Every structure is written in structure tokens, then in C-alpha cells.
Amino acid sequence: MALYKLEVNGERVTVDVDPETPLLWVLRETLGLTGTKYSCGEGVCGNCTVLMDGEAVRSCLLTAGDAVGKKILTIEGISRETDHPLLVAWREEEVSQCGYCQPGQIVAAYALLSQKPDPTDSEIDEAMSGLLCRCGTYPRIRRAIHRAAELKRRQP
Amino acid sequence: MTRNMELRRREFLQVLGAGGAGLVLGVIRPVPLAGQEGAFVFKPNEFIAIDRQGRVTIWVARSEMGQGARTAVPMMVAEELEADWEKITVVPALAHPTKYGSMSTGGSTTVRRGWEPLRRAGAAAREMLITAAAQYWGVDRATCKAQAGTVLHMPSGRKLDYGDLVVTASRLPVPQEVALKDPSTYRIVGSKRARLDTPEKLTGKAVFGFDFTFPGLLVAVVARSPVFGGRFRSCDAAAALQVKGVQRVVRIPSGVAVVANSTWAALQGREKLVVEWEEGEHAGLASPAIDDYFRRHSGLEGRVVREEGDFAAAAAAAPTRLQAEYSVPFIAHAPMEPMNCTADVRADRVEIHAPMQSPQGAQEAAAEITGLPLDQVHVHTTLIGGGFGRRLMNDFVEEAVHLSKALGAPVKVVWSREDDMRHGFFRPASFHRVTGLLDAGKKPVGWHHHIVAPSISVQLFGEGDGRGNPDAVDGAAQIPYRMGNIHIDYVMANTAVPVTWWRSVYNSQNAFVNECFMDEMAHAAGADPVQFRLDLLPADSRLRAVLQLAADKSEWGKSLPPGRGRGIACHACFGSFAAHCAEVEVDGSGRLRVTRYVCAIDCGQAVNPDGVKAQMEGGVIFALSAALRGQITIAKGGVVQGNYDTYEPLRINESPEILVHLVPSHLPPGGVGEPGVPPVAPALCNAIFAATGVRVRQLPVSSTSLMRSGE
């Protein structure tokens with residue numbers, strides 16, 4: 001076991017975990033942030049996506065050590081702003097079905113919009129193709145990202 | 001306001017004065033609602049409670065797995081209750097053997113089976129509230145009506161909130177006969193309503209089974225036989241127990257459980273576990289042998305499930321006879337949330353929290369394992385991260401119950417993605433031989449469909465349970481086209497590969513065969529595939545209407561550039577009618593791109609039209625994943641695929657544009673979760689044929705080269 005000082009959703013926390021433990025399980029089980037989901041455990045589904053210094057990363061492929069000195073943002077952090085354009089757009093387009101993958105999708109969309117405020121369909125496809133959704137919400141995810149971009153542009 | 005407060009005070013006194021009246025009437029029961037345990041509520045039946053603030057609680061007995069049950073069910077209740085939609089709270093029902101009827105979420109039944117009882121439950125409550133108001137005002141109840149959570153006295157314009165009427169209403173008998181609303185007066189059913197489960201699903205606060213936890217809860221993963229039917233022989237747990245956090249290694253019927261204080265520790269512990277298995281008779285089982293086995297069985301005479309006219313005589317006379325063989329592989333459900341279950345088995349009580357499609361089955365299983373009566377088994381259905389039929393099985397629930405019983409402590413059993421892929425139950429593979437006849441005028445005059453497939457019901461329940469029916473003919477026996485001579489037969493060919501219901505069940509195989517071979521017949525007849533089908537369907541057929549709608553909306557018949565093609569398919573199942581037109585593009589090297597699906601569905605009254613659209617969109621993508629590359633292959637007696645890299649669902653960059661058209665209708669609702677699935681694969685393969693001339697008769701599509709014929 002080892003101590004790691006992390007910054008998650010703007011809060012500084014110290015965790016005592018096995019150094020090999022994936023960041024995913026540290027978030028979910030040590031810090032109780034269960035919005036970040038386990039599904040494949042090997043970086044092919046994207047359900048565990050979080051932001052590390054603004055970049056979308058797979059938390060199942062990282063350890064707590066990898067996150068030291070970086071700013072981690074999870075769905076819980078993003079959704080503190082309940083009228084965040086992404087959440088508004090996701091509600092308006094009624095994107096989610098089972099909802100299990102949606103936190104990862106929203107986190108990835110957050111990273112996309114911070115780099116490309118008005119993404120094209122192909123830019124959306126490129127940024128989001130690493131995230132699986134078994135319910136098939138992709139057409140609505142596309143629409144919601146465009147809508148969120150529009151809402152963001154309108155923000156003062 | 002003062003008047004209403006006075007009314008509340010009076011009613012309160014009346015109830016106090018009435019002593020045990022509530023018990024006598026059997027309708028006044030304190031039901032704990034969040035934050036107001038013991039508060040008075042009006043609960044005329046098992047589905048509805050209204051408190052003194054007018055807040056309405058609706059119990060949903062079907063699982064929410066993304067299909068919108070926790071929104072569509074309250075919409076049906078609220079419509080007849082004339083409830084204020086903003087005041088509704090939904091509560092998932094605890095499993096109960098009889099109270100709610102069937103709680104199984106399968107067969108696209110939530111809305112179609114709930115339609116009558118749920119509306120009647122709402123209407124009964126509404127009538128009682130109207131009577132209560134009429135009594136209070138001392139007016140004829142015919143002069144009162146309910147609207148948006150209030151009762152209105154029409155002549156005077158006076159109004160009372162439901163909350164002010166609950167005590168009086170509770171003292172009234174529950175009416176046995178109630179009038180249901182005329183569809184023209186619907187204001188909730190058929191309207192766009194935001195899904196009630198959406199907000200929490202976007203913040204990460206939604207609790208799926210995998211997220212359910214409490215301090216001290218142990219987590220377990222199970223090592224299971226790599227071979228179907230293999231048995232435990234021996235185990236060396238020493239290294240596993242050395243892993244920090246691992247607490248116990250316990251044998252349960254399905255394998256060896258590694259119990260730890262965290263998921264990661266349990267997974268690491270299992271890596272270190274050395275288990276020897278008696279592999280048994282299936283150790284050598286492999287896909288090619290299963291294919292041969294099906295083919296051998298195809299030589300057998302089948303059990304005839306539909307016989308119309310005289311196919312043999314027609315075949316002898318018909319100038320044109322076509323025959324083709326089709327096959328589909330085993331496929332997995334692979335929901336995003338892997339299987340999991342939390343169980344706490346005590347001496348006199350069991351608590352279960354899990355994402356389940358059959359909580360009553362879970363309750364029975366836990367009662368049997370623990371020996372406790374059903375009413376001491378408390379089964380809580382969590383949100384489900386995708387079901388698709390997989391969670392109608394309760395194998396993962398049984399594991400958790402066995403384990404908690406052995407440990408004497410609460411435990412959450414979790415499955416890894418690989419566990420899910422390799423130890424699940426699969427959509428059966430199947431083999432089909434179809435023969436079609438055309439007369440001299442190129443009209444279809446015969447259809448013979450010979451099906452070889454495992455029987456889900458026999459594999460799951462055995463021969464002797466009276467259900468040994470040829471379930472594998474669903475969707476084949478009901479082929480809707482009028483062809484005069486129809487012969488459908490079935491050869492059961494069970495294997496060691498576990499099977500279960502997969503979204504749309506056998507309709508997924510049989511619609512593929514029906515609709516692809518109809519396309520072959522149409523081309524052989526030199527006919528347009530849409531017109532060919534239309535001519536074989538009765539004029540008043542609902543299937544005919546959706547076929548026509550899909551064709552119209554997809555601009556069927558309008559020419560496309562070379563390398564592009566449209567394909568049509570339609571199918572009726574689960575009480576609904578669907579037709580899809582697929583559009584594809586295939587380049588010179590055989591690379592396929594699915595560009596568009598135009599879907600038409602007649603599901604009768606759409607309760608939540610946007611939800612119907614979502615199910616159709618999702619059905620297209622789910623079925624496309626399967627059709628394009630979904631395949632579970634068997635080697636050495638087990639499943640080859642392990643994760644989403646080898647069993648890869650469709651991704652957003654491959655997802656076509658999907659346009660959904662609903663047929664407006666007030667007929668009773670049909671199913672919606674499944675009917676969008678079956679026409680997807682045949683529409684795709686027919687479009688590929690239109691684009692390339694290559695006929696795909698074996699799924700997944702990836703197993704056939706799509707190089708254009710002649711190139």
C-alpha cells in the first residue's frame with residue numbers, strides 16, 4: 001500500500017492504495033465516485049473516461065500514481081453545474097437509455113468541446129469513437145454535442 | 001387556502017375518530033414515502049399512493065434497463081388518474097410473487113401487458129377522488145371532473161387538490177368497474193415527456209447494481225470452469241490469499257469465489273488462484289463441429305409446425321424452384337454493465353440488490369437456496385446497465401446468495417467483462433434451408449422453411465416440463481405472405497453452449513431468413529422487392545402499411561449511384577409491426593458503410609412516442625452490431641471471445657443516420673423494445689445485394705467477401 005495525494009474535482013485527497021490499483025477503482029471504491037463506470041477494464045469501451053488536466057483518459061488504464069500532480073475531473077465534478085450546456089443538451093435530446101455509459105460519454109464530450117467549440121460530425125465521430133454504447137444512443141449523442149456547442153456559444 | 005387547511009383538519013379529526021375504520025376498509029395504510037415515514041396516504045391499489053400534499057407515488061414492477069419502463073408506466077397510470085405530472089415520484093417495486101402480476105421484463109411486455117391494469121388502477125383512484133370531492137361539496141358527482149391533480153366542480157368553478165381529498169377518498173370503496181378515457185382526451189399518453197430517470201443518469205448519481213455498496217461490503221469474483229459443464233476438481237488458494245485485501249476463498253456451485261475488501265483485490269486474487277477442473281465431455285467442442293452437427297440434423301425430418309396447402313405437390317408442378325441455406329452464429333448480449341449482485345443472507349432474512357429482469361425468479365431462487373419463505377426474501381431491482389434478455393437468468397443472483405450464506409456476511413459478486421462474455425447464455429446459432437416456388441407467371445406459390453436450432457426452453461427447462469415446444473420457429477411459422485403452399489418444420493439440435501433469450505429471441509434469426517429469401521424470390525421473379533411483398537399481404541394488413549410507409553419515406557425506387565443500394569425488410573412480432581429500409585455503400589475493395597436506416601413502426605398507441613423512437617434507433621444499432629460482426633465462436637469447449645476488442649459493438653463513427661416514422665394509432669399498444677430488431681439484418685443484407693450482387697446468407701456479414709461480382 002502507498003499514499004497518494006490526488007486532486008479530484010477540485011478537492012485534494014490522500015488515498016492509501018496498492019500502487020497497481022487502477023485509478024478507476026480508486027475513484028469508485030476509495031473515493032466513492034461511482035459515476036465513473038467499469039465495463040471492459042482494458043481501455044476499449046471508454047465507460048471509465050475521466051479528465052486528467054483536461055484530457056479525456058481511460059481511468060482503467062491508469063494508476064493512482066499516474067494521477068499525482070494532475071487535476072482529475074469526473075462526471076460528479078462536471079455535473080455540479082446542473083445547467084451545464086452538456087447536461088442541458090443531453091436532457092433536451094433525451095440521449096440516455098440504460099445510462100450506464102453516459103457519464104463517460106459526457107466527460108469525453110466535455111473534452112471535445114473544450115478543444116473544438118463547434119465540432120463537425122466527423123470530429124465528433126473521431127473524438128467519441130472510443131466510447132461504446134450498447135443501447136445505441138449514438139445518433140442522439142451527436143445531436144446533443146451539436147446542441148451543447150450551440151448553448152455554450154450563447155453563454156455570456 | 002384557508003378552506004383547504006380547514007378541510008384537512010376536519011378530515012384528520014374524522015380519521016382519528018373513526019378508530020380502526022382504515023383496517024375495516026382495508027385501504028388506509030401508512031406507506032413510508034421518502035422522508036415522511038408513517039405519513040397518511042391514500043393507497044387504493046398496489047400501484048398508486050397519494051399523500052396529503054397531493055404527491056403521487058407510482059410503483060413500477062418492471063425493470064428499467066433503458067427501455068423507459070420507469071417513465072412509460074407512470075404515464076399510463078397518470079393519464080387515467082388525471083395526475084399532475086410534476087408531482088409524480090416513481091418507486092421500483094420490491095419483488096412479490098403475486099401483487100403486481102408478472103414482474104419479468106421480457107417479451108416487450110411492460111407497456112402492452114400493463115396497459116389495461118395500470119390504466120384501470122389510475123381510473124379507480126380518480127373516480128374515488130371525484131366522489132370524495134362531490135361528497136364534500138354536496139353536489140352531484142356528474143358535475144365534477146378530475147384534471148391535473150385536482151377535482152373541479154364545473155358549474156361553480158370550485159376546485160380541490162387531490163391532497164385535500166385523500167382522507168375522504170380512502171374511506172370509499174374501490175370501484176370494480178371504471179370507465180377509461182377516450183383517446184382523444186389523452187394529455188399524457190402520446191405526448192412528449194422527459195424520462196424521469198434521465199437527470200440522475202447524467203450526473204453519475206444513478207445507482208446501478210455495480211454501484212450499490214455500503215461500508216464493509218465484501219466483493220467477490222468467481223473462477224468458473226473454462227469448459228461448458230466442467231466440474232471443480234481441486235484448488236490451490238495459497239497465492240490468492242496472499243494478495244492484500246483478499247479475505248477468503250470459497251467454493252460455490254458455479255466455481256471458486258475469491259472474496260476481498262475491494263473489487264481490485266478480488267480480481268488480483270483470482271489471477272493467483274490455481275484451479276483444476278474436470279473438463280468433462282465437452283472439452284473438445286468447437287464451432288466447426290457445431291456447424292457440422294446442425295448440417296447433419298438438417299437431413300432429418302422436422303416437426304411440422306405449419307402446413308398450408310400441399311407444398312410437395314406444388315413443388316412437383318412449379319416451373320421455378322429456388323433453394324438456399326442460411327445460418328447465424330451464437331451471439332452475446334454483452335450489456336455495458338457486467339453481471340453483479342449484492343446479497344445479505346441472515347438467519348431470518350435475505351436482502352438482494354441487483355440489476356435483474358426477473359426479480360420474482362431471483363426471489364424464488366434465493367428462497368430455495370436459503371430455505372426461507374418468499375416473504376423473508378427482499379429483492380430490490382436496481383437500475384440496469386443494459387439487459388437485452390441476459391438478466392432474465394438469475395445465475396449471478398444465485399452465486400451471491402450461495403456466497404453470502406457461506407460467509408455469513410453481505411457480499412457483492414461482480415463479473416469482469418471476460419466473465420460476462422464467456423460464462424453467459426447466448427442467442428442460439430441456427431441453420432436454415434428455404435425453398436421457394438414460382439409459377440409460370442412468376443408468382444410465388446410455395447414456401448418451405450426447414451429450421452435447425454437449439455431450443456431455449458428445452459435447454460433451460462428440460463424436455464419434461466410441458467414446454468418442450470419448438471420455440472425456435474417463432475417468427476418463421478408466422479410468415480405473413482400469402483403463397484398458397486407453406487410448410488414450416490423444425491429439427492431441435494441442442495448443444496452444450498448455454499442459450500437464452502436475446503432481444504427479439506428467435507425472430508432475430510427467422511426474420512433474417514424470411515426477409516432475405518423473400519428478396520431472393522423477388523429478384524428471381526424479376527419483381528420489385530417492395531411490390532412483390534405488398535402483393536402478398538392483405539390490403540388491410542398493418543404490416544403492409546408499415547412496409548409502404550418505410551418504402552415511401554426512403555424514396556424507394558429512386559435510383560442510386562453504383563456501389564450503393566437499398567434493402568427492405570419487414571416483420572411483425574410482440575404485437576407490433578416494423579419495416580426498415582437500409583442504405584449501404586460498398587467500395588471496390590468490398591468495404592461496407594451503412595449510411596441510413598429508414599424505419600416505420602406501428603406499435604398501436606405509442607405511450608411515449610420519443611421513447612418508441614429511441615427504442616427503434618437503439619434496436620437498429622444493437623442489431624447492426626450483431627449483423628455486421630457479432631459472433632461467439634467456440635473452441636476447446638468454451639467461448640473464444642473475451643472482451644469488446646474481439647466482440648466489438650458498433651461505434652459512433654459506424655452508426656448510420658436513423659429516421660423513425662410512427663404510424664399514428666389508438667389501437668392497444670404493442671411491444672417496442674424488440675420489434676425494431678428483426679428487420680435490421682435482412683434489410684442490410686438485401687441492401688448489400690442491391691449494391692453489389694453479393695448475397696449474404698451467413699451472419700455475421702464480416703464472414704462474406706463483399707467484392708462486387710465480376711470485379
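In chain A, among the contacts with a separation of 6 or more, 57% are between residues 24 or more positions apart, a contact meaning heavy atoms within 4.5 Å. This is a predicted model, in which local features need pLDDT of at least 70 and side-chain atom pairs count only at pLDDT 80 or more, while totals for chains, interfaces and linings use all residues. Residues are numbered from 1 along each chain as its sequence is written, chains are lettered from A and ligands numbered from 1 in the order in which they are written, and side-chain values use heavy atoms, with hydrogens and water left out.

As for burial, 61% of the 156 residues of chain A count as buried, that is, under 20% relative accessible area with a 1.4 Å probe and protein chains only. The C-alpha atoms fill a box of roughly 45 × 35 × 25 Å along the principal axes.

Turning to the fold, chain A has seven helices and five strands, where helices (H or I, at least four residues) and strands (E, at least two) are DSSP runs numbered from the N terminus. Strand S1(A), residues 2-8, pairs with S2(A), residues 11-17, in the antiparallel sense over seven bridges, pairing requiring that DSSP finds at least two bridges between the strands. Val8(A) has Glu11(A) as its bridge partner in S2(A), and in this hairpin, with two residues between the strands, Asn9(A) takes a positive phi near 50 degrees. S1(A) also pairs with S5(A), residues 71-73, in the parallel sense over two bridges, and there Glu7(A) has Lys71(A) as its bridge partner.

Note on methods:
Buried < 20%, exposed > 50% of the residue type's maximum accessible area, 1.4 Å probe, protein only.
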